[in-house]
Amino acid sequence: MLILVSVIILALATAYLARRALAREALVGWLQSRGVEAEARFETLGLQGLVGDLRIGPRDNPIILAERAEVDYRITGPWAGRALGVEVRRLRLIHPTVRASFGEAGFSLGALDPLIAEFRERPSVPGAAAPVILVREGVLRLSHPGGEAVITLDARMADGVLTDLSGRMAPMRFRAPNAEGLDVEITDARLGLITREGRSAASLVANLKAGRWAGYETQAGELSLAAAVPYPDKDGSPGAGPVTLAAHLRAEQLNGRGLGAENVDLQGGFRGALSGDWSRLSLSGDGGATLQARATTFEQGSTGPLTASLRAQDLAWTQGADIASQVEVSLNAAELAAQDLRLDRAVITARGRVTQNNGLTAALQGDIAAQGRWAGLGPVGAGDLEAIAAVKRLAGGFELSARDLRLDVGAEGPRLSLGNTGALVRGAKGGAMRLTAPQGRPIYGDGQGALHLTLAGDGLPETRLEVERYSLQGDGLQAVARLILATDLGPLQGLKVDTSGGLNISSGRLTYRARGCAPVSIARLEAGDNSVLDAEGRLCPGPAPTFTFADGAWRLDGRLTGASADVPFLQARASRLAGGLSVGAGRQGLDLQLSGLTAQVTDASESPRFNPIDLSGQARLAADQWRADLQLLQDQAPLGVVALRHDGATGSGGVAIDTGRLTFDEFGRQPDDLSPLAEAIGSPASGAAQFQGRFDWTGEGVSSGGRLDVFDLTFKSPAGEVRGLAGTVQFDSLTPLVSAPNQRLTAMSVQSLAPLASPQVEFELDAQGLKILGGAFTLGDGTVRLEPTTIPLDRTQAWRGELVFEGVELSDIVEASPFGDRVDLSAKVSGRLPFIASPEGVRFVEGRLAADGPGRLSIRRNAITQVDATGGAARTEGAGAAVEQTNTAVEFAYQAMENLAFDLLDAEVNSLPGGRLGVLFHVRGRHAPPQRQEIRLTLGELIRRDFLNRELPLPSGTEVDLTLDTSLNLDQLLADYSRARGETGSAPVQPEQPD
C-alpha cells in the first residue's frame, strides 16, 4: 500500500511542479519511459494541495484507476533546512480501483512491479513523516487461478501503520496453484482490522459455498477467523508480544480422506506470545480445539453425535525447528457403527507430549470406555448351544473399559501398549473377555504385536488365547497362537483342548491351523441315559484348517487318533479310536461328522458278555439327529453290523446289533472267541448262531433286548461232547443281561462217562445269575434232573444245587469209571445228590442213593484195600491198591463181594477233605457165584482143623450184610478228564489240587 501511495504522490507532485499540462506530460512521460502506460488529469492544483484523477496501465485494463484523489502537501526547501521537494501530509482516495494478480510467483501489480522494486531500493527521506492515507469505497480486483476476487474496502493508514480496514468480498472462487492447495468458493466475506498501540486485531467472516484443502471438502458453511497480534515494526520485522488467535468453522458437510461429517462445528483458539525475526520466528502459549458433528462417516462405518476436543499446553514453535506441546485429547461418540459393531457410546481420553520435527513423535496415555454390541454372531437362537449362546450374549450387549493405554508414535510408527489391568469387555450377565499383553510387550507396533485373551463367566467357554506374535498384512492378520479351551459345547460337555498353531484373519474370516496333534478330552458326550463318558485322545491337523469362523458359523476339522471313551449304557469301552473329525455350529445348529472311524470295543460289565471286537464305519450329528452305521470285526473278519439313531430334540433313539449267521468250525471261528459266556462250549465247536439285539431309549429311560439263535451246535463240554444243541434265547435286557422267562436249550446227546440222551435245560438269566428252572437228561434208562437253582455270574461266589436220580441204571456209569475194570454193578437207583459249587470245586453234601430193586455187585480183590470181617466195613481205593494177608473169614468176605446178589443197596455220598469223594454203601444180599458152591470136608480135616489153611469156597446163598466204604479222588478224576478235554480246547471246571 505504501509503495502504491508513493507512486501516486510522485505523480501528483510532478504535476504540481509542472503545473497542469507540464505536470501531466511529465508524469505520463516518466511512467511511459519505464514502460508503463498512464494518463493524468487535474481539476485543481495549488501550493498546499491538488485534486485530480489518474490512470496507470492500459485504458481497457488499467492497473490503477483513481476517479478522485485529494492530496494535502507542502513544499519544502532550504528555507526550512531541507531539500527542495514535496511533503505529502494526507492522501484521500475516492473509489480507487486496483487490479492485481496472485499466482505461483505471489502478489503482482503487473507493469508496476519494476517501478515498485525501484522505490523499495531508494533510501527514506530524513525527517519526512509518512502521510495519512484514507481510502473510501476502494475496489481491489485480484486475479487468481480460480478467477477474480473483488474486494470493496475502506482503509486508513497513519505513519505507515494500517490502523483501520473494513471490507467486503463479492462472491468468488479461489484456487491455489498446487493440486493439494486451497480451493474455496465464497458467497460473501467481511474483513476487518484495527491497529492501536502496536497491536492489530483482525477478523474475517466468510460464507462458504464449497471448499477443499489438503484432501478435505466442505459444503455450505461459514468460516470466521480472528487474531490479535503485534503489528510489524517499521523496519519490516515481525512485532513481538502477545498473540491471540481464534477460528470457527460451521459446515453442513465436511468430507475427505475417507471421513465425512454432517452439521460440523469446529472451533479453535490459541493464546501466547510471538518473538524473533523473520529468520527465527518463535511462538509459544496454550491452545485448543473442539469439534462437534451431528453425524460422521468413515470407511467402515459411521457415528451419531460426535464431540472431540484437543487441548495443547506449553506449545512451543520455532521457525525451522520443531513444534512441541503437552496435549489432552478426548473423543465422545454416540451410535457408532462399524460393520457388525454398534456402540451406543464410546469415550476416549488421552494425554501426553507431542512433537513435530521431521516427523511426528508422541507419547500419550489414556483410557477407553464404550458400551454397545457386536451383531456378527447373530441373535441368540432357540437351538443355540449354551456356550455359543453365552458368546452371543456377551457380543450382544457389553461394556468395554481399558485404562492406562499408552500410544507412542515415532520414526518406527505408532506403538500401542495396554495398562496393567488390560482391556475388559464385560457382558450384562457377568461374562467377560479380558485382553492383556504378554510380559509388558505392546499389543501393536510396526504392524505387529502380541496379546493374550481370556473368556470366563455366564456359561462362556473357559478360553485362553495366547497370541505370542501377530502381524498385519494388507487387510488381514496372521499370528502364531496357542488356544486352551475348556467348555460345554452342546452335547460335548467338559470339552478340553490345548493346541498351538497359525491364526489368520482376513475379510471377516478366521482360520486356524494346528502345528501338530493336540490333546482333546470330553467329560461327557451328552445323550441322557445314553451318554458317552471320559472321551479323550489327540486331534491332529488334516488338509482343511483346524478351525474356521466366518459369517457367524464355526467349524473344527481334523483327525482323531488314540482316542478312548466309556459307554456306560452299553457297559462297554471304546479304545484305539481313530478317524476324521469335522464338527461345527451355524444357524442350523451343531453338525458333527466322524468318517473312516475305527475303534476297539471291550465289555465293561462286571460279568463280561463279549470279547474285544473292532468296529469301523462313520457317524454324524446333523439337525439334532445322530446317525452311525458301523461294522463289527474280529481279526479283520466281519462279525456283524451296528446302526445307531438318536433324536436330540426328543431324546429318543436306539442301537440295533445284528451279527448275521455266524458259522463255527474246527479250523475257524469258535464261540469262546466271541464271548466269555461261551467258555463252557469247548473247542472244537461246529454249528452256527446268530444274535440280534437292540438298545432303545426315550426321555423316560432305557430298554434293551435281543435274541440268540443256536443252530445244531456240537462242542466239547466238561461233561463230554454235546451234540446238536439248538434253541432260541430271548433277552429282556442286555445291560444287565437278563433273559425272558422260561428259556430252553436242547441237545441231542452228551457223550459223558455214560451217554446222556436228550439233555435239555430251562433257565432264566438276570443280573444276579443264571436261574436254572429245570434241567433233565436220560441216563442209564433213567432220568437225572437238576433242581431249580441260581448260578451266580460272579465266579467267586459259591452256589448250591441238587441232582435228582430216578431209575438210573449204574452199570454203564461204573463201566466208564476209573475202576470199571475192577467193579461191576448192575442196579437201578434213585435219590438226591445235593452239592455246593465254588471256586475250590464241587462238593457233595449228604447225598443219598438207593436201589429201586434187586441187583448185582462184583468187586475184584485188587479194588479192596481193607476188609473187616468182624462187622467192620470193606474199604476200596483206586487202581493199584495193595491187598493185605487174609484169613478164612476175610477170604469169605472177598468171595462174597466178588459175586453178590443184593436185595437192598443204599449209599451215602459226601465229599471228603483233599478233593476226594466218599461213598458209603450198605448192601444186603447173598453170595451168588456163576457156579453153585458148597464146602465139602473130611472127618480128618475137621479133627485136624487144617482146612483153615487152604482156600475154601463160600457156599452159594450165603447171606451177606456188607458195608462198603469207598472213596475216589474226584478232583483228580475231573482234572484228568478236563485235561483230556483241554487237549482239544475244553477249559477245566475243577481246579487241580496240589500234589
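This is a predicted model: local features need pLDDT of at least 70, side-chain atom pairs count only at pLDDT 80 or more; totals for chains, interfaces and linings use all residues.
Visitor: What share of the contacts joins residues at least 24 apart in sequence?

Guide: Take the contacts between residues at least 6 apart in sequence: 49% of these join residues at least 24 apart. R393 and G459 are 66 residues apart in sequence, while their C-alpha atoms are 9.8 Å apart.

Visitor: Where is R393 found, and which residues is it in contact with?

Guide: R393 is in helix α3, which covers residues 386-396. Setting aside neighbours within four places in sequence, its contacts are V380, E386, K429 and D458. With a relative accessibility of 25%, R393 counts as partly exposed.

Visitor: Now the cores, please. Which residues have the most contacts inside the largest nonpolar core?

Guide: They are L489, L592 and L725, in a core of 62 residues. Strand β37, residues 589-603, gives the most to this core, namely six residues. You can pick out L489 and look around it: leaving out residues up to four places away in sequence, L489 touches L385, A387, I388, L495 and W554. Another core lies apart from this one; it has 40 residues, including I64, L91, V135 and M169.

Visitor: How do I read a strand?

Guide: Here is the general idea: side chains in a regular strand alternate between the two faces of the sheet. Now turn to strand β2, residues 49-56. G49, V51, D53 and R55 point one way, whereas L50, G52, L54 and I56 point the other way.

Visitor: Are the residues of β2 buried or exposed?

Guide: Eight of the eight residues are buried, so β2 is largely enclosed by the rest of the structure. Its partner is strand β3, residues 64-76: seven bridges join the two, and they run antiparallel. To find one place where they face each other, look at L50, which stands opposite V71 in β3.

Visitor: And S417: is it buried or exposed?

Guide: S417 counts as buried, at 12% relative accessibility. S417 lies in strand β23, residues 413-417. Not counting residues up to four places away in sequence, S417 touches D404, L405, R406, P442 and I443.

Visitor: How do I read a pair of aromatic rings?

Guide: Two values describe such a pair: the distance of the centres and the angle of the planes. The count here comes to three aromatic pairs. In one of them, the ring centres of F691 and F731 are 6.5 Å apart and the planes stand at 65 degrees; planes over 60 degrees apart count as edge-to-face, so this pair is edge-to-face.

Visitor: Which parts does that pair tie together?

Guide: F691 lies in strand β43 (residues 682-698) and F731 in strand β45 (residues 720-734), so the pair ties together parts that are 40 residues apart in sequence. F731 is buried, with a relative accessible area of 11%. Another edge-to-face pair is F835 with F844, at 6.2 Å centre to centre and 65 degrees between the planes. Both F835 and F844 are buried. Ring pairs also link W799, F835 and F844 into a cluster.

Visitor: Which ring does the charged end of R661 sit over?

Guide: The charged end of R661 sits over the ring of F711, 4.0 Å from the ring's centre.

Visitor: Where is Q636 found?

Guide: Q636 is in the loop between β39 (625-634) and β40 (637-647). Its phi is positive too, near 70 degrees. Q636 is exposed, with a relative accessible area of 68%.

Conventions: Residues are numbered from 1 along each chain as its sequence is written. Side-chain values use heavy atoms; hydrogens and water are left out. A nonpolar core is a set of buried Ala, Val, Leu, Ile, Met, Phe, Trp, Tyr and Cys residues joined through side-chain atoms within 4.5 Å. Buried means under 20% relative accessible area, exposed over 50%, partly exposed in between (1.4 Å probe, protein chains only). Helices (H or I, at least four residues) and strands (E, at least two) are DSSP runs, numbered from the N terminus. Contact means heavy atoms within 4.5 Å. Rings of Phe, Tyr and Trp (its six-membered ring) pair if their centres lie within 6.5 Å; planes under 30 degrees apart count as stacked, over 60 as edge-to-face and the rest as tilted. A charge sits over a ring if NZ of Lys or CZ of Arg is within 6 Å of the ring centre and within 35 degrees of the ring normal. Two strands pair if DSSP finds at least two bridges between them.
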